[in-house]
Amino acid sequence: MKFELDVVLIEERCRSSALAARLASAVAPEVEVRYVPDGRESARPLAGERDPFAAAKRRLVVMERRAPFLMGCPAGSAEFACCGYLVLVTASNCPMDCSYCFLQEYVADNPGLQVYANYAAAFDELERLGRSAPGRSFRVGTGELADSLAFDTLTAISRDLVEYFAQRENLLLELKTKTDEVGNLLTMDPCGRTLVSWTLSPTRVYESSEHRTAPPAARIEAARGVLEAGYKVGFHLDPLIAYPEAEHDYGELIENLFDVIPPQRISFVSMGGLRMTPALRAVARRRFPGDPMLLAGEEVLGRDGRMRSFTPLRMRLFASIRARIERRAPKMPLYLCMESASAYERVFGATPATPAALGARLVGR
Ligand code: SF4
């Protein structure tokens with residue numbers, strides 16, 4: 001396990017859980033393991049810390065989830081051309097530290113690394129989901145409020161999830177990551193029901209902004225490994241940052257990707273521009289004052305309250321990446337994340353599909 005922890009805090013009511021037992025035996029001997037009455041308290045920011053968000057990334061809390069495990073994607077909105085993605089919350093926050101990460105704002109009040117010991121209760125919710133719309137397929141992912149695989153060496157949650165989804169005809173699991181922690185996945189047969197996706201950025205963005213993540217080449221190599229083990233793979237070029245060398249760098253990244261992974265074996269590529277609320281931008285610039293990516297280009301405030309780079313610049317970058325991808329992969333399923341229908345029309349020259357239709361297309365390949 002590559003991420004350093006100071007302490008593992010296990011909520012008393014989870015003391016006898018399988019997850020607590022796995023974690024307690026897997027953490028390094030120098031990591032303190034303690035039992036606490038209420039994990040919610042342990043996940044809150046601690047007073048007196050200079051950067052409470054960074055400090056919380058070294059504190060793993062094993063606790064019970066009191067809310068539903070399944071939720072709509074927080075990025076979903078009637079304003080955007082959405083993909084129908086559903087989020088399965090098995091954990092919250094992430095040991096990596098990307099300067100642009102929305103979690104700096106989204107989980108600012110409870111930034112401790114939470115892993116939910118009662119995650120098996122999610123299977124009942126998934127059963128109900130699967131039965132709710134016979135004939136429809138759902139893509140369900142764990143990588144929205146946490147990285148899907150960052151702690152998998154310790155928690156091995158992926159094993160239970162992959163096994164569960166392997167037996168479900170109309171549910172597809174998406175594990176989204178910026179790591180190369182795929183060891184558990186390589187020991188299992190997903191029966192075509194798990195897709196592993198990587199968020200990819202050019203080396204320049206990785207080096208300036210994606211702290212403690214695996215280098216882009218290592219992510220691509222890990223993708224090659226899981227593909228050979230029977231998993232589907234997808235890639236998110238998100239956030240795309242419109243810095244001066246972006247078209248060149250993203251083009252090179254795409255060539256590197258397709259040199260390793262045959263494009264016809266990739267389920268989809270998504271694109272999304274960097275977007276930040278003014279509050280998130282202020283936090284990010286305070287925590288990462290030397291990051292040039294947080295200062296790149298002129299930004300405009302959108303109707304959803306988020307700043308994005310100036311629309312013509314952003315559209316030009318989307319179109320250039322689309323052209324670069326389609327030069328080698330004309331049939332690649334591509335979609336935009338958190339962009340309006342009009343942006344979609346400008347980039348693709350067509351009206352976006354409904355979330356259900358787009359979701360079905362992404363599940364099907
Ligand atoms: S890997 Fe993802 S979840 Fe983790 S810090 Fe980076 S953007 Fe946030």
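In this predicted model, Ala 156 lies in the loop between helix 6 (152-155) and helix 7 (157-166). Ala 156 is not a glycine, yet its phi is positive, at about 55 degrees. Most residues other than glycine have a negative phi. The relative accessibility of Ala 156 is 14%, so the residue counts as buried.

Asn 93 also has a positive phi, of about 70 degrees, although it is not a glycine. The loop that holds Asn 93 runs between strand 6 (91-92) and strand 7 (97-98). Asn 93 is buried, with a relative accessible area of 3%.

The backbone has a further feature at Pro 239. A cis peptide bond links Asp 238 to Pro 239, with omega about 10 degrees. Most peptide bonds are trans. Pro 239 belongs to strand 13 (residues 232-240).

Helix 9 (residues 216-228) packs with helix 10 (residues 246-260). The angle is about 30 degrees, and the axes are 10 Å apart. The two helices are therefore roughly parallel to each other. Their crossing is right-handed. Helix 9 contributes Pro 216, Ile 220, Glu 221 and Arg 224 to the contact; helix 10 contributes Leu 253, Asn 256, Leu 257 and Val 260. Of the residues in this contact, five are nonpolar, one is polar and two are charged.

Arg 287 lies in helix 11 (residues 278-287). Its relative accessible area is 15%, so Arg 287 is buried. Beyond its neighbours within four places in sequence, Arg 287 is in contact with Asp 51, Phe 53, Ala 54, Asp 97 and Gln 104. The side chains of Arg 287 and Gln 104 are joined by a polar contact of 2.8 Å.

Key:
Residues are numbered from 1 along each chain as its sequence is written. This is a predicted model: local features need pLDDT of at least 70, side-chain atom pairs count only at pLDDT 80 or more; totals for chains, interfaces and linings use all residues. Side-chain values use heavy atoms; hydrogens and water are left out. Axes are lines fitted to C-alpha atoms, for helices over the stretch in contact, and angles run from 0 to 180 degrees between N-to-C directions. Helices (H or I, at least four residues) and strands (E, at least two) are DSSP runs, numbered from the N terminus. Angles under 35 degrees count as roughly parallel, over 145 as roughly antiparallel, 65 to 115 as roughly perpendicular and the rest as oblique. A crossing is left-handed if the near helix is turned anticlockwise from the far one by less than a right angle, and right-handed if clockwise. Contact means heavy atoms within 4.5 Å. Ala, Val, Leu, Ile, Met, Phe, Trp, Tyr, Cys and Pro count as nonpolar, Asp, Glu, Lys and Arg as charged, and the others, Gly among them, as polar. Buried means under 20% relative accessible area, exposed over 50%, partly exposed in between (1.4 Å probe, protein chains only). A polar contact is a pair of N or O atoms within 3.5 Å; within protein, one must be able to donate a hydrogen and the other to accept it, and residues adjacent in sequence count only if both atoms are side-chain atoms.
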